[in-house]
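Hi everyone, thanks for coming. Let me put the sequence and the model up on the screen, and then we can walk through it together.

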Amino acid sequence: DVCSSDLILDTLKTAPSTANQTEEKQKPKKDPISEIIITGNKQIPTKFIQNEMSLEVGDPLNPYRINRDVRNIQSTGIFASVRSEIKKEPGKITLIIHIKENPILKSIKFEGVTLYDKKELAKIMVSKEGEVFNLSNVRKDIQAIESKYHDDGYFQAKVFNVQSPEALDDPLIINVGEGVLETINVTGNTKTQDYVILRELDLKPGDILERDQLSQNLRRVYNLNYFTSLNPMFLPGEKPNAYQLKLDITERETNGSFTFGGGYSPTSGFSIFSDLFWDNLFGTGQLIMLKGQFGRNTTYQFKYHNPWMWDKRKSLTLRTWLTYGELGSYNPIVNSISFRNEKRKGVDVALGWPFSYDLTTSHKLKYESVEVEDTDTDYRIHSYTFGIAEDTRDVRFNPSEGHYYSYAIEQSIKWLENSLLFTRHDLILKEFIPTFEDQTIAIRGEFGYLSSPEISNSDIFRSEWYIIGGGSTVRGYDDQYPFSFGNKRVLGSIEYRFLFTDTFQT
């Protein structure tokens, strides 16, 4: 019968199976929570605690949800302990949350803090005196204190311990390690003496490590030009929260050179030269130079330089020279090179007196005797030169940023009857502007002015005038044959430099 079959099918679809009915009868029903009691809180409102809970009256008793609610309440950070208790009575289940509040924070103390006023640190903290102690706020306070130190350059500072208040009158104690330098060790230097490196450092044991100061100290060591790399490493010190600075150095293969050679030019004839240059003499940071050139003109020169002749970077430079023979110069007016026999011998002594690493002054005394054989003229130079310079270049022998400004005034003294009387002013301005990586713009301006009652006497002042043309002024011209000279000089240049290596640029 079709009708009967349809009725049977409809009955099978709507009626529960016997197995499902049996399973539902066997599945135990969870009893609902009849009452939730919160006890132990005095300062914190009950409503605040209830907002941290997901369970409500009438919800089935669920141990997982109870544990989760306990953890939520505990995570607020304002309770010393939170625990749950379940009481079952006939027809009634009570959930009790036992609370133990943290004490009121009466005071905050800092230990190990020397760089800041303690009130200054208290202002940036979330935890406040007079409020309930909150452990979660302390975590934020630790981050705020460390961020302040790091933002101010104290990169090794950290909060290493916090003592929470347990009793009513206990303070919150925050222990700060500011990053104290314990020792400085230099490794990798086989030629340079340790003291030559260490005297460039302002950082001393007991100082707090600061990023900019460390960077400037490393810049000074690198500017010695004795090393190809500096690698600072910080190791744990013997005392808690102190550090040992290990300065690993790679030295240049040599700081000296000896050159010998010769050449021929139709104007100057044959010439031979021999130069000895030795920087960082015996690893002491001193310099000597011996220079000799033989040919149409002969030159002997000796130079000694000690950058730390006395304490605090007071330097001494001594030079002496002897030059004789035919000295040539180019006259652009008549387009010719002229020579004259001249003999010059002299000595100068310069004392460097710094105000800081970047700002220095110099005082130089000079004596020179000049004999011009062609004109039967001789004169003497007795002069004093005062100089002042500010040098902020990052790497002085190959800068990418910073500036170099210097001014010098040389005043001669009428010591003898044939002493030359003059005043010379020299101003040098150099600016280095970084562009892209290993590229920079170098701008230079040089200004000079020489005045004297006898400035028109070319027999005397021809050798004292400014010259332009050569490696130090305009490249492409021989140093011996400048293309311009006079008692005034204005020189400017703009260069775009590409740094290929530490020592090679274009």
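Let me start with a definition: buried means under 20% relative accessible area, exposed means over 50%, and partly exposed lies in between, with a 1.4 Å probe and protein chains only. By that rule lysine 106 is partly exposed, because its relative accessible area is 41%.

Before going on, please keep in mind that this is a predicted model, where local features need pLDDT of at least 70, side-chain atom pairs count only at pLDDT 80 or more, and totals for chains, interfaces and linings use all residues. Residues are numbered from 1 along each chain as its sequence is written, and side-chain values use heavy atoms, with hydrogens and water left out.

Back to lysine 106, then. Its salt-bridge partner is aspartate 169, with the closest N and O atoms 3.6 Å apart; a salt bridge here is a side-chain nitrogen of Lys or Arg within 4 Å of a carboxyl oxygen of Asp or Glu. This pair links distant parts of the chain, 63 residues apart: lysine 106 is in the loop between E3 and strand E4 (108-111), and aspartate 169 is in the loop between strand E5 (158-163) and strand E6 (172-177). Helices (H or I, at least four residues) and strands (E, at least two) are DSSP runs, numbered from the N terminus. Aspartate 169 counts as exposed, because its relative accessibility is 59%.

How many salt bridges does the rule give? The count comes to 23. One of them joins glutamate 35 and lysine 92 at 3.4 Å, N to O, and it links strand E1 (residues 35-39) with strand E3 across 57 residues. Glutamate 35 is partly exposed at 30%, and lysine 92 is partly exposed at 32%.

Now the chain as a whole. It has 506 residues, of which 38% count as buried, and its secondary structure comes to 9 helices and 23 strands.

Where does the largest nonpolar core draw its residues from? The core itself has 19 residues, and Ile49, Ile73 and Phe79 are among those with the most contacts inside it. Helix H4 (63-74), strand E2 (79-89) and strand E3 (92-101) are the elements that give two or more residues to this core, and E3 gives the most, with 4. For the term itself, a nonpolar core is a set of buried Ala, Val, Leu, Ile, Met, Phe, Trp, Tyr and Cys residues joined through side-chain atoms within 4.5 Å. Taking contact as heavy atoms within 4.5 Å, isoleucine 49 touches residues including Ile38, Ile73, Phe79 and Ile99, leaving aside neighbours within four places in sequence.

On to the aromatics. Rings of Phe, Tyr and Trp (its six-membered ring) pair if their centres lie within 6.5 Å; planes under 30 degrees apart count as stacked, over 60 as edge-to-face and the rest as tilted. A search of the whole structure finds 7 such pairs. Tyrosine 149 and tyrosine 154 have ring centres 6.3 Å apart and planes at 75°, so this pair is edge-to-face. Tyrosine 149 is buried at 1%, and tyrosine 154 is buried at 18%.

Finally, have a look at lysine 314, which is buried at 13%. Its charged end sits over the ring of tryptophan 353, 4.7 Å from the centre; that takes NZ of Lys or CZ of Arg within 6 Å of the ring centre and within 35 degrees of the ring normal. Lysine 314 also forms a salt bridge with aspartate 311, at 3.4 Å between the closest N and O atoms.
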